[in-house]
Amino acid sequence: QGFLVYQEGTATPTLSIPESAKTSENADFFNQGDDEPVALQIAARINGAQSTDVWLTFSEEGSLSRNPFDAEMLYPLDFRPFLSMYVEAYGKAFDIKNLPDELAEAVSLPLHIAAWEPGGSSSNPGYVPMTGSVEMIWPDMQNIPDEWNITLHDNVTGAAIDLKQEESYEFNLESGQKAQHLEHKLAIRSADLSAKASSRFTLTVEPTVTSTPSNELPREVALQQNYPNPFNPVTQINYDLPETMNVTLEVYNVQGQRVATLVSGTQSAGSHQVSFDAGRLASGVYLYRLEAGSVVRTRKMMLIK
């Protein structure tokens, strides 16, 4: 068990644990079994010093909603510079988020990161934003299925990092315009997301869609409605090709300006799926346009942040 002790005075706090509370050697341990856990750890440090990490775990009990294996993010207890990083789900901040181990579709979670150092006034001490060079690594990737794709999207630079192919990612953390002063007593509370600050990253775990072998090919070019729709910020686009064709799939805003090219080249006959990350775009209606040979198909989708 874990104990959180917070001191608000000059007296030294004490915590007594009786001998009877000791776990016997033959006791069963909660959440420990024969199956190896599926988990992903992402760690970060700023200026080679302050560090933090966040975990995604996967189990039968996992869900996008609250479940007993989640761990909410807490600010540190001591008054010194620190780096915070957490994933966001249903308006809450988590150090550990437990997700389903059977993924039928892509799961995308905002990943927030910020650095703080002591500041403020003598009457209102607290933390102010800190800047610096951040290095991110993923040192623990336990039993992640081979067919899963895990991507970290930088919503500022537009970079997309494949966590299975890359070992680290470096970027500069600058003080955001919306970064607020944190009071020191927030240290014993979980992160407040009421301000709805935009996330620096989007972490996407996507199962590879494998098509069932079949002798039947699509009879015509078809462009499906994206899913989910509305979306934030990642969605999937599916389309069918009756034969090998030269294909272009592009995204436009309502002013007719092209904002992304998702596919450009020759593709074989069959059903295809493309992931679109709109983390850098503003909320609104967008058009996605498929040109396959002489056939053109267009649909609308809505981004809501």
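**Terms and their criteria**

Analyst: The charged end of Lys 97 sits over the ring of Phe 94, at 5.6 Å from its centre. This is a predicted model, in which local features need pLDDT of at least 70 and side-chain atom pairs count only at pLDDT 80 or more, while totals for chains, interfaces and linings use all residues. Residues are numbered from 1 along each chain as its sequence is written, and side-chain values use heavy atoms, with hydrogens and water left out.

User: What makes the charged end of Lys 97 count as sitting over the ring of Phe 94?

Analyst: The criterion asks for NZ of Lys or CZ of Arg within 6 Å of the ring centre and within 35 degrees of the ring normal. The distance for Lys 97 and Phe 94 is 5.6 Å.

User: Why is the pair of Phe 82 and Tyr 127 called edge-to-face?

Analyst: A search of the whole structure finds six aromatic pairs. Rings of Phe, Tyr and Trp (its six-membered ring) pair if their centres lie within 6.5 Å; planes under 30 degrees apart count as stacked, over 60 as edge-to-face and the rest as tilted. For Phe 82 and Tyr 127 the centres are 4.9 Å apart and the planes stand at 90°, so the pair is edge-to-face. Phe 82 and Tyr 127 are both buried (under 20% relative accessible area, with exposed over 50% and partly exposed in between, for a 1.4 Å probe and protein chains only).

User: Why is the pair of Tyr 169 and Phe 201 also edge-to-face?

Analyst: The centres of Tyr 169 and Phe 201 lie 6.1 Å apart and their planes are at 85°, so this pair is edge-to-face. Tyr 169 and Phe 201 are both buried, and together with Phe 171 they form one aromatic cluster.

User: How do you know that Glu 250 is buried?

Analyst: The relative accessible area of Glu 250 is 10%, so the residue is buried.

User: What makes the approach of Glu 250 to Arg 258 a polar contact?

Analyst: A polar contact is a pair of N or O atoms within 3.5 Å; within protein, one must be able to donate a hydrogen and the other to accept it, and residues adjacent in sequence count only if both atoms are side-chain atoms. The side chains of Glu 250 and Arg 258 make such a contact at 3.3 Å.

User: How many bridges join strand 16 to strand 19?

Analyst: Seven bridges join these antiparallel strands, and two strands pair if DSSP finds at least two bridges between them. Strands (E, at least two residues) are DSSP runs, numbered from the N terminus.

How values were computed. Helix = DSSP H or I, 4+ residues; strand = E, 2+ residues; numbered from the N terminus.
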